[in-house]
Amino acid sequence: MKTAIEVILKLKASGFDAYLVGGAVRDFLLGENPKDFDVATSAEPVQVKEIFKRTVDTGIQHGTVLVLMNGSGVEVTTFRTEGNYTDNRRPDSVEFVKSLEEDLKRRDFTINAMAMTEDLELVDLFGGQKDLERKLIKAVGQPDERFQEDALRMLRAIRFSGQLNFSIEEQTLAAITNNAALIQMIAVERIKIELDKILANQHARRSIAYMNQSSLTDYLPSGGLFRTDWKNFKPTGDPLSGWLYALWWNRKEVPALAGFKLSNEEKKTLGKALEAAAIEEWNQWTFYRFTLRQLELAAALTGRGGDPARQKSGLPIQTQSDLAVDGRDLMDWSGKKAGPWLKELLEEIEQKVIFNELENKKENIKEWFLSEYNGNE
Ligand code: ATP
Ligand code: MG
């Protein structure tokens, strides 16, 4: 917060107008620590770059410059108004107010459309503070128009309902129901980002209930997966816990999520987590061969598996490279050339070590190897 105010003060010292806007104002009023800070200003990106030593062009085509200061970043965006003072005329204060108003009017929900001065004075033109108190997500202006302008806002409303544990205001919800089909116009990558946030959230079930109630679900690729009963869902903070739940309770495999364009890493993790979840009794080998993330996802899903982190850290080795022997040792001792036997034997040793049947010491393993294999193959 301090850094954001410092940025505002510096802009003002150079003759520009500047306010804290968006989610940071909302979170500040809620008494929470904002994740990121957005400043709206009358300064153009080039001017912002002149005023601050360290900046990154994160979205210059949208008028946004990231200002780096005190080890954190503040997104500084030029007021989004019709004509942006191209005649270089310094606008008077009435015009400043007009520009701020224009900027706020374009924002999605009343609670996201407030501004704050460097003295923490609130600019609240659409009743955002009142809606914060009433715990309501309410569109700025006509909800139908706003969702027709940008259909992603419907999913954002639903996401914020879970993130903040708020209700969606009646007219806004009605407009989501009316315009639900428009979500098909939005790139799935943007939808996926919102769904990930929904599924990672403590109050995910609230968002999913709204998705289903408004029928938005029906216009998502394989959105039918969200129609399942979510009463047993315990969000872990990992969005994959939600995707996994949807697959498991619909008895589907990972390809059922193809429409959401998950990354290969996500698909692999989900596939492995499904595999782990299907194992009734977890033993040391299970804790060894699945990653912690895969185990935690599966454990959250089935309620089995105890404390995977502790189980995993108690294992004698974490990976095959922790073994005291390698393929070269086995070839030396046996006098045989490399081949499929090597891989099999290494895995046999790995298992014996994992189950504490063999100590992970070179001489122990060699002794076992010689008595087991020498001469009888
Ligand atoms: P959080 O970062 O906690 O998810 P946020 O409110 O900061 O919440 P962002 O997506 O970071 O959300 O957007 C910052 C601000 O930009 C919002 O508070 C809102 O004012 C505005 N905004 C973002 N996306 C849209 C949109 N699709 N339509 C209108 N305004 C938007
Ligand atoms: Mg944000």
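Some ground rules. Residues are numbered from 1 along each chain as its sequence is written, and chains are lettered from A and ligands numbered from 1 in the order in which they are written. Because the model is predicted, local features need pLDDT of at least 70 and side-chain atom pairs count only at pLDDT 80 or more, while totals for chains, interfaces and linings use all residues.

Domains, then. The protein chain is divided into domain 1 (2-129), domain 2 (133-261), domain 3 (270-313) and domain 4 (320-373); the bounds come from an automatic or database domain assignment. The centres of domain 2 and domain 3, taken over C-alpha atoms, are 28 Å apart. Their contact takes 11 residues from domain 2 and nine from domain 3, where contact means C-beta atoms, placed from the backbone, within 7 Å. The side of domain 2 that touches domain 3 has seven nonpolar, two polar and two charged residues. Here Ala, Val, Leu, Ile, Met, Phe, Trp, Tyr, Cys and Pro count as nonpolar, Asp, Glu, Lys and Arg as charged, and the others, Gly among them, as polar.

Next, ligand 1. Which domains supply its shell? At least three residues come from each of domain 1 and domain 2. The residues around ligand 1 include Lys 35, Asp 36, Asp 38, Arg 107, Asp 108, Asp 150 and Arg 153. By class, the shell has two nonpolar, three polar and seven charged residues.

Now helix H1, residues 2-13. Helices are DSSP runs of H or I, at least four residues, and strands are E runs of at least two, numbered from the N terminus. At 1.5 Å times one less than its number of residues, H1 should span 16 Å, and its end C-alpha atoms are 16 Å apart, which agrees. Ala 4, Val 7, Ile 8 and Leu 11 are buried. Seen down the axis, the buried residues fall within an arc of 100°, so they line one face of H1; the arc is that of the directions from the helix axis to the C-beta atoms. Lys 2, Leu 9 and Ala 13 are exposed on the other side. Buried means 20 or more other C-beta atoms within 10 Å, exposed 12 or fewer, and partly exposed in between, with C-beta atoms placed from the backbone. Among the elements covering the buried residues are strand S1 (18-21) and helix H2 (23-29).

Last, Glu 281, in the loop between helix H12 (264-277) and helix H13 (284-289). Is Glu 281 buried or exposed? Glu 281 is exposed, because it has 6 other C-beta atoms within 10 Å.

Note on methods: Near = placed C-beta within 6 Å. Contact = placed C-beta atoms within 7 Å.
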